[in-house]
Amino acid sequence: MSTALGLESLARLERLELLELRLRRRSGPLLPQIRAALAGRGQPLRWAITGVEPDPAGAQLRIEAVMIRPPA
Amino acid sequence: MALAPVAAPLPTLMVVPTGIGCALGGYAGDALPAARLLAAASGCLITHPNVMNGAALYWSDGRIHYVEGWSLDRFAAGDLALRPVRRQRLGLLLDAGIEEELRLRHLQVVDGCRATLGLEIGAVVTTDGPLGVNLRQGPSGASWGSLERPDALLRAGEALQRAGATAIAVVARFPEDPQSEALAAYRGGAGVDGLAGAEAVISHLLSRHLTIPCAHAPALSPLQLNPELDPRAAAEELGTTFLPCVLVGLSRAPDLVATGPSAPSGAAGAGGVLTADQIGAVVAPADAMGGEAVLTCAERGVPLIAVHNPSLLNVSAAALGLAEAGATVLDACSYAEAAGWITALREGLSPASLGRPLLPLR
């Protein structure tokens, strides 16, 4: 039932990096703010807001993410 | 006596984030009873393997759609639709880092599911090198993790897809430390599932690459008997693998259908295909509202049912300002109350009409 793997595969990605970043919450929809914060750091594979600290100037969000990056 | 007609199903997303130590759902498929309840209330529940997987224990319900986390996020965003199927043709992807005896155990589970449950499981592919799973904790304490060889995972997935697999069960060798305090806390019902973050990364990577249903089971050596084992962790100690629930879940997982401008016309929205605009409610832990599916639905105007289900996190809808941004947030002190909210929404009742005071309009 097993299949031998060839070496010609298409999969030539990628390395994974764990990322933590802080983001000040601004008014309005939140997703575009998060996407903008993650942009330029690779492609997000998995992310979540894992902390919120109140702040009169806008809550400080902590985001933890696994990013897909090109090979080093 | 004439029976009242049953309201149409209300497609509902249930999310219990992986690896944050939720009191309900943070262990071995221990959110499954809640999922069954929400499926009964809604008539159509979309949820992810962390909710449904109890290692050797599982439950199959035609109202519950088993959708891995990356795909669930894409479904919520409207990038994918879900097409229910009678069965999937499963492929098994094994990490080359699994020892021979443990590998044989997993192959026997596959044979057992073929013989006893009648599942269709075809090709088996072993990666061309060990995947190198490593486990981490984020600053919040949530479990995260990574792979040293994501390329080997994706190559093996491609080979399975070429061999005809329409869904893939992955088994990766996970590092283990049977004496660790974290594992003892988890087995005692007071810790975080330290494997969950890396498991999510594996299934997310493969789903994203192949756009077919994928789910993961870790390969681990059996643990010593623990007389103080918490019931929520017990399902993982009944057998020698975590694979049966994954095979059963994937066996009827819906196909993932691309939507959007580049999709084939008529691909979504017909013939029982579920699309994001049909989602009628999202159920998530009240202090873990900062995930992609929840935020996407909030911004689409889908009601959020925020259930009391403590975890490591303290990311509430109020802290995120979701209601101020226009979201409808319904608080529930239990999954039983959440089922009541879903029933109300399914019946077309205004949630406000069920509370007091009910203030006059001005």
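The questions and answers below take the terms in turn.

Analyst: One caution before the terms: this is a predicted model.

User: Why is the contact between B:Glu292 and A:Arg35 called a salt bridge?

Analyst: The N to O distance between the two side chains is 3.9 Å. The cut-off is 4 Å, from a side-chain nitrogen of Lys or Arg to a carboxyl oxygen of Asp or Glu. An Arg and a Glu at 3.9 Å meet that rule, so the name applies. The count between chain B and chain A is 1 salt bridge.

User: How many residue pairs are in polar contact between chain B and chain A?

Analyst: There are 9 residue pairs, with both residues at pLDDT 80 or more.

User: Which elements of chain B supply the side that touches chain A?

Analyst: Those giving two or more residues include helix 4 (100-117), strand 8 (143-147) and helix 7 (196-210) of chain B. Helix 5 of chain B gives the most, with 8 residues. By class, that side of chain B has 22 nonpolar, 16 polar and 11 charged residues.

User: How much area do chain B and chain A bury between them?

Analyst: About 3,600 Å², with 62% of it on carbon and sulfur atoms. In chain B, the residues that lose the most area to chain A are B:Trp144, B:Arg208 and B:Glu299. Together they make up 18% of what that side buries. In terms of contact, 49 residues of chain B meet 37 residues of chain A.

User: What makes strand 3 and strand 4 of chain A a pair?

Analyst: Pairing needs at least two bridges. These antiparallel strands have 9, so they count as paired. Within strand 4 of chain A, A:Val66 is the bridge partner of A:Arg46.

User: Why are strand 2 and strand 3 of chain A at the edges?

Analyst: The open sheet has 3 strands in the order 2-4-3, paired antiparallel. Strand 2 (15-24) and strand 3 (43-53) of chain A each have a single partner strand, so one side of each lacks a neighbour in the sheet. The twist from one strand to the next averages 20 degrees.

User: How do you know that strand 12 and strand 13 of chain B pair?

Analyst: They share 4 bridges in the parallel sense, and the cut-off is at least two, so they pair. B:Val282 stands opposite B:Leu304 in strand 13 of chain B.

User: What is the strand order in that sheet of chain B?

Analyst: The order is 3-2-1-12-13-14, in an open sheet of 6 strands with parallel pairing. Strand 3 (64-66) and strand 14 (329-332) of chain B stand at the edges, because each has a single partner strand.

Notes:
Residues are numbered from 1 along each chain as its sequence is written. Chains are lettered from A and ligands numbered from 1 in the order in which they are written. This is a predicted model: local features need pLDDT of at least 70, side-chain atom pairs count only at pLDDT 80 or more; totals for chains, interfaces and linings use all residues. Side-chain values use heavy atoms; hydrogens and water are left out. Axes are lines fitted to C-alpha atoms, for helices over the stretch in contact, and angles run from 0 to 180 degrees between N-to-C directions. Contact means heavy atoms within 4.5 Å. Buried area is the accessible area (1.4 Å probe) that two parts lose on being put together, summed over both. A polar contact is a pair of N or O atoms within 3.5 Å; within protein, one must be able to donate a hydrogen and the other to accept it, and residues adjacent in sequence count only if both atoms are side-chain atoms. Ala, Val, Leu, Ile, Met, Phe, Trp, Tyr, Cys and Pro count as nonpolar, Asp, Glu, Lys and Arg as charged, and the others, Gly among them, as polar.
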